Amino acid sequence: MEAGGLEWALVPAQQLVSWGAAGAMVFGGVVPYIPQYRDIRRTQNAEGFSTYVCLVLLVANILRILFWFGRRFESPLLWQSIIMIITMLLMLKLCTEVRVSNELNVKRRSFADFDLNYFWHWSKFTDYVQCVLTFTGVTGYITYLWLDSSLFVETLGFLAVFTEAMLGVPQLYRNYQNRSTEGMSVKMVLMWTSGDTFKTVYFILNQAPFQFSICGLLQVFVDIAILLQVYLYSYYPQKPVSHTAHPASTKAL
C-alpha cells in the first residue's frame with residue numbers, strides 16, 4: 001500500500017521535472033541575450049555585441065529545423081530553435097537601428113548590392129530578413145530534394161549543431177587578438193556555459209541524435225576557454241596587438 005502511494009506521488013513529480021527541463025530547453029537559450037538587449041537599448045550603443053552571433057545562431061537553428069523534417073527529434077528542441085530565431089531577429093533589429101543612428105555620413109549598404117565586403121553590415125533590418133529568407137528558401141529546397149538520403153540528413157544535422165558549437169570561436173579569437181576581454185559581457189558567457197552544460201546533459205539523458213551530444217561538449221569546452229581568457233587577461237594584462245579592423249565591424253559580444 002505504501003509502495004503504491006509512493007509511486008502515485010513520484011509520477012506527478014517526475015512529470016513536473018520533465019516539464020521543467022523541457023521549458024528550460026525551450027527558453028533557456030535566449031536568457032543570456034535579455035541583459036545584452038536591455039543594455040544596448042539603454043545605452044544606445046551596440047559596439048559590445050557582434051551581429052555575427054546572430055548570423056551563426058540563425059544559420060544553426062534554421063538548419064536544425066530542416067534536420068527535424070528528415071529525422072524527428074524531441075519537440076522542445078524544435079521549439080528552442082524557433083524561439084532562438086525570433087530572438088536573434090529582435091537583436092538584429094535593435095543593433096541595426098542603434099548602429100545606423102550613430103553613423104554619420106556613411107554610405108547605406110543593402111543586401112541587394114551583393115557586396116561581400118559589406119556582407120552582414122547592411123543599413124536596414126529588412127535586408128537581414130531578405131538574407132535569412134533567401135537562405136531558408138535555398139536550403140529548404142535542397143533539403144526537400146535530398147530528404148530521402150540518410151547521409152544528407154545526418155550531415156545536415158551535424159552542420160546545424162556544429163555551427164552552433166562554433167558560436168564562441170569568434171569571441172575567443174577576438175579576445176586573443178585584443179589580448180583583452182574588455183567590452184565582452186562576462187555574465188553572458190557564464191550563462192552560455194551553464195546553459196550549454198545543461199543542454200549537453202539533456203541531450204545525453206534523452207538520447208538525442210549523437211551530433212547534438214558531441215557538439216554540445218565542444219560548445220562547453222569553448223565556453224570554458226573564454227572564461228579562462230577572462231581570468232588570464234584580468235590578472236595578467238598584456239599589451240594589445242594592433243590590427244586593422246573592418247570599417248563597419250564591431251566587437252564580439
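## Basis of the model

The model is predicted: local features need pLDDT of at least 70, side-chain atom pairs count only at pLDDT 80 or more, and totals for chains, interfaces and linings use all residues. Residues are numbered from 1 along each chain as its sequence is written, and side-chain values use heavy atoms, without hydrogens and water.

## Helix α6 against α9

Helix α6 (residues 150-165) packs on helix α9 (residues 210-235) at about 15°, with the axes 8 Å apart. Axes are lines fitted to C-alpha atoms over the stretch in contact, and angles run from 0 to 180 degrees between N-to-C directions. Helices are DSSP runs (H or I, at least four residues) numbered from the N terminus. The two are therefore roughly parallel (angles under 35 degrees; over 145 is roughly antiparallel).

Contact (heavy atoms within 4.5 Å) involves Phe158, Val161 and Phe162 of α6, among others, and residues of α9 including Phe212, Leu218 and Val222.

## Helix α3 against α6

The axes of helix α3 (residues 51-70) and α6 come within 8 Å and cross at roughly 155°, so the pair is roughly antiparallel. Among the contact residues are Leu63 and Phe67 of α3 and Leu156 and Ala160 of α6.

## Cysteines

The structure has zero disulfides (a disulfide is a pair of cysteine sulfur atoms within 2.5 Å). The sulfur of Cys54 lies 5.9 Å from the closest cysteine sulfur, in Cys95, which is too far for a bond.

Cys54 is buried at 0% relative accessibility, and Cys131 is buried with a relative accessible area of 11%. Buried means under 20% relative accessible area (1.4 Å probe, protein chains only).

How values were computed:
Angles under 35 degrees count as roughly parallel, over 145 as roughly antiparallel, 65 to 115 as roughly perpendicular and the rest as oblique. Buried means under 20% relative accessible area, exposed over 50%, partly exposed in between (1.4 Å probe, protein chains only).
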